[in-house]
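Reader: Could you walk me through this one? I would like to go over it piece by piece before I set anything up.

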Amino acid sequence: ELVKNEDLEVLADLGAGNGGTVTKVWNKKRNCIMARKLILVDAKPAIKKQILRELQIMNDCASPYIVGYYGCFPIDVHVGIVMEYMDAGSLDYIYRHNGPVSIEITGKVAEAVLRGLMYLYDVHRIIHRDIKPSNILANTAGEIKICDFGVSGELINSIANTFVGTSTYMSPERIQGAAYTIKSDVWSLGISLIELALGRFPFAEPPDSSSEADASDSEAQATFDANATLPLAAQRAALDLGGNSNGNGNNSPPHERRRSRGVSLAGGGSTMSILDLLQHIVNEPAPKLYSPRKDFPQEAVDFVEDCLSKDPATRKSPQELLKSSWIVDSKVTKADLEKWTKSTVEE
Ligand code: ATP
Ligand code: MG
């Protein structure tokens, strides 16, 4: 039987994103902890009904790489979704509190995400659409699972009316308006893996700041809110800038650039607006798994490069990536993952 809101007692806030807030809750009926996400849905009752109907697909999603689903319901202006509580939190939370994720563990994250993506696509024909560290969760049993995938087209539409789903993990073809494919998720995975291994968002590095290369990663880089999304008008503008390559990524007049920013970009004496960033993703070479102070194994560097092929036709599929030597030769076991996730919550 599906969980109802009356069964739940709020325990603590887990975080908030652009479209919702997540709380840790106690299920009085089942005597266990769960996570409840409330998504603001400003839509007519008929649309809400449709959303709740579409979310039922999650009932049939059962995989060790997908966060468990327990039910959904309308609650005032929100749609509530109850899911499995992941006690080590999201990967972005983990690296912000514990520093960069080791390359061995990063490889295990890659494998789990690929298996989750393949399950969603092969079994349900679902494309995730929002792979990023905050949607990859871990628990102290050593499991890594993905959440927040696009099951309900109606929900995607309703959220898009208030917050456009343009995020900085988007592939170049998506920024330019092409349809989502599973290859778009692969790009987002590549960006996320670099972020975990470096402990910072990869595009934060200003394109021409090589002189700062030997300062600490986090100090030298402009900080960029990777979770920022664009207002609709700004997204339209970004799409228009699509194929234009002028190298420095500054097409808009200075006052517009300042307005489009909306997030704090200070740091290292450089700034990059979200529009500049989207243009950069479209026009410049893809980022690489590289740090001046770390030696990453070549297999990991190659894997990330295969995720970040700018042309989706040459970008590898999840099946192909699972066969790569970095994943196949990984020596990280379930026990290592358990040890690692436990160490991140013990601090
Ligand atoms: P966005 O809204 O842009 O997708 P987000 O993923 O950070 O950003 P939410 O999905 O609302 O936003 O999640 C907020 C935070 O709640 C996450 O960053 C994560 O740390 C935490 N969280 C989400 N789901 C769970 C869960 N099932 N178990 C434990 N923590 C969770
Ligand atoms: Mg999320």
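This is a predicted model: local features need pLDDT of at least 70, side-chain atom pairs count only at pLDDT 80 or more; totals for chains, interfaces and linings use all residues.

Reader: How many helices and strands does the protein have?
Author: The protein has 14 helices and eight strands, taken as DSSP runs numbered from the N terminus, with H or I over at least four residues for helices and E over at least two for strands.

Reader: And what share of the residues is buried?
Author: Of the 347 residues, 40% are buried, where buried is 20 or more other C-beta atoms within 10 Å of the residue's own, exposed is 12 or fewer and partly exposed is in between, with C-beta atoms placed from the backbone.

Reader: Now the ligand: which residues come nearest to ligand 1?
Author: G15, G17, A35, S90 and S134 come nearest, out of 25 residues around ligand 1; a residue is near if its C-beta atom, placed from the backbone, lies within 6 Å of the molecule. Elements giving two or more residues to that shell are β1 (8–16), β2 (20–27), β3, β5 (78–84) and β6 (89–90), and β1 gives the most, with three residues.

Reader: Where is K37 placed, and why does it count as buried?
Author: K37 is in strand β3, residues 32–40, and K37 counts as buried because 22 other C-beta atoms lie within 10 Å. Leaving out residues up to four places away in sequence, K37 touches G20, V22, I81 and M83, with contact taken as C-beta atoms, placed from the backbone, within 7 Å.

Reader: Switching topic, what is the strand order in the open sheet of three strands?
Author: The order is β6-β7-β8, with antiparallel pairing, and two strands pair if DSSP finds at least two bridges between them. The edge strands are β6 and β8 (144–146), each pairing on one side only.

Reader: How many bridges join β7 and β8?
Author: Strand β7, residues 136–138, pairs with β8 over three bridges, and L137 has K145 in β8 as its bridge partner.

How values were computed
Residues are numbered from 1 along each chain as its sequence is written. Chains are lettered from A and ligands numbered from 1 in the order in which they are written. Two residues are in contact if their C-beta atoms, placed from the backbone, lie within 7 Å.
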